[in-house]
Each structure stands twice: as C-alpha cells, then as structure tokens.
Amino acid sequence: KQVNEECGGVLPADATLIPEGGTSNPKPAKKPGRRRAERFEMLNTFADVSLAGLTGAEVKVWLILFRDTKAASGTARTGQADIARRAGLSRRSVKRAVQTLLAKGVLTLRHRGRLNVGPSVYRVESVPHGAM
C-alpha cells in the first residue's frame, strides 16, 4: 500500500521492508563478536603448536571437525563417512586419523556414534591437553 501511494507502485532499490506497526529504524549490523575472535585464536594456536606434528590426513580431519563445530555446544557432530567424502580420504584413513588425533589430545570424543544412533560427537582442541 505504501509503495503504491508513495512510489507509484515501483519499489525503489534502496527500500526496506517495515512490518505494519514496526519502526523505520533497522537494527544495526552485528559486529564480529568474541566467538569469532576465539575461533581465530584457536586456529592460530593450532597452526603454531600442533600442525607440525600431524599428518596430512589428520590435519584434514581436524579442519573439517573445526569447521563443523557449533558455537553453542563447542562440539562437532559429523560422521566419519562424511568426513572421508569431504576430505577426499578413505573411511579407513579417517578412522585412523581420528584415533591418532584422540591419542595426541587435539580431539576429544564426547559421544561414540553407532548405527541407528547417529554420528560421533567430538570436541576439537587446538593443542594437546597439558601442552600449554
């Protein structure tokens, strides 16, 4: 109705939709928050401290799980078959890499997945436990 009355029925390119009874002041854009800074800090720490001691497959698996980590829970819920597909690795290589990452302390198993239950849940660490 407002577009018809004020603009002759043509929506201007810079127009914003305001719900009826709403305010005309749009919400300010959110600034990158603390979580984003913490994730970059974790990635930098991983690159500086842990990266040199890992194989290529282990790095690929860690990066995929890091990317899949949910901010709310701090965990990644991703199946090994999905990791294998995305990393270009075999399932066996992913399984071995996960076991090694767990042993090195840069990955923690929170819940072991099973058939008809769902994928495993992991907590990704930037450095081995007790290293810093």
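A patch here is built from residues with over 30% relative accessible area and no salt bridge, with like charges joined within 9 Å and nonpolar side chains (Val, Leu, Ile, Met, Phe, Trp, Tyr) within 5 Å. This is a predicted model, where local features need pLDDT of at least 70, side-chain atom pairs count only at pLDDT 80 or more, and totals for chains, interfaces and linings use all residues. Residues are numbered from 1 along each chain as its sequence is written, and side-chain values use heavy atoms, leaving out hydrogens and water.

**View 1. A positively charged patch on the surface.** Look for Arg92, Lys95, Arg96 and Arg112, which gather here. Arg92 sits in helix α5, residues 91–104 (a helix is a DSSP run of H or I, at least four residues; a strand is a run of E, at least two). With a relative accessible area of 63%, Arg92 is exposed (exposed is over 50%, buried under 20%, partly exposed in between, using a 1.4 Å probe and protein chains only).

**View 2. Around Ser126.** Now hop over to the segment after β3 (121–124), where you'll find Ser126. Ser126 counts as buried, at 14% relative accessibility. Setting aside neighbours within four places in sequence, Ser126 is in contact with Met42, Thr45, Phe46, Ser50, Trp62 and Val106 (contact means heavy atoms within 4.5 Å).

**View 3. Phe66 and its partners.** Phe66 belongs to helix α3, residues 56–68, and is buried, with a relative accessible area of 9%. Leaving out neighbours within four places in sequence, Phe66 is in contact with Arg39, Met42, Leu43 and Val124.

**View 4. Phe66 and Ser126 together.** Between these two residues there are 9.3 Å in space, C-alpha to C-alpha, while in sequence they are 60 residues apart.

Key: Areas by Shrake-Rupley, 256 points an atom, 1.4 Å probe, with all protein chains shown as cover. Salt bridge = Lys/Arg side-chain N within 4 Å of Asp/Glu carboxyl O. Lys, Arg positive; Asp, Glu negative; His and termini not counted. Charge placed at Lys NZ, Arg CZ, Asp CG, Glu CD.
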